[in-house]
Amino acid sequence: MSNSVYQINKGINQSIEFKGLKAQYIWYLGGGVVSLMIIFAILYIIGLPSILCVGLVGTAGAFLVFKIYKMSNQYGEFGMMKVLAKKQIPKCIKVYSRGIFFKI
């Protein structure tokens, strides 16, 4: 069995990139794979046929990989955090009293 060596860091002060995934998306894919293994185990223990379990988890896994690679390419290293932060900014501020503008 041959040992594979993967180069992870591209340079100093560069974000981690592995097989096209950038930064936090590596962790998202790892967490998704672990959760899919748990789902497979639960389905198998419940008593579903193994071919059905493999089909369901395989389809969900393909969808997971597709979506995470799409987010990694679309948002980049910090883009998704910026989009989520922008959604939390209120569109307008309503003040129903002028009392806040008067200094007493």
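Reader: What should I know about the model before I read any feature from it?

Author: This is a predicted model, in which local features need pLDDT of at least 70, side-chain atom pairs count only at pLDDT 80 or more, and totals for chains, interfaces and linings use all residues. Residues are numbered from 1 along each chain as its sequence is written, and side-chain values use heavy atoms, with hydrogens and water left out.

Reader: How many helices and strands does the protein chain have, and in what order do they run?

Author: Helices (H or I, at least four residues) and strands (E, at least two) are DSSP runs, numbered from the N terminus. Here there are three helices and two strands, and from the N terminus on they run β-β-α-α-α.

Reader: Is Gln 24 buried or exposed, and which residues is it in contact with?

Author: A residue is buried under 20% relative accessible area, exposed over 50%, and partly exposed in between (1.4 Å probe, protein chains only). Gln 24, in the loop between strand S2 (21-22) and H1, is buried because its relative accessibility is 14%. Contact means heavy atoms within 4.5 Å, and, leaving aside neighbours within four places in sequence, Gln 24 is in contact with Glu 77, Met 80 and Met 81. Over the whole protein chain, buried residues make up 15% of the 104 residues.

Reader: How many aromatic pairs are there, and what are they like?

Author: Rings of Phe, Tyr and Trp (its six-membered ring) pair if their centres lie within 6.5 Å, and planes under 30 degrees apart count as stacked, over 60 as edge-to-face and the rest as tilted. By this rule there are two aromatic pairs. Tyr 25 and Tyr 28 form an edge-to-face pair, 5.7 Å centre to centre with 85° between the planes. Both residues lie in helix H1 (residues 25-46), three residues apart, about one turn of the helix; Tyr 25 is buried at 0% relative accessibility, whereas Tyr 28 is partly exposed at 38%. The rings of Phe 40 and Tyr 44 are stacked, because their centres are 6.2 Å apart and their planes at 15°. Phe 40 and Tyr 44 also both lie in helix H1, four residues apart, and Phe 40 is partly exposed at 29%.
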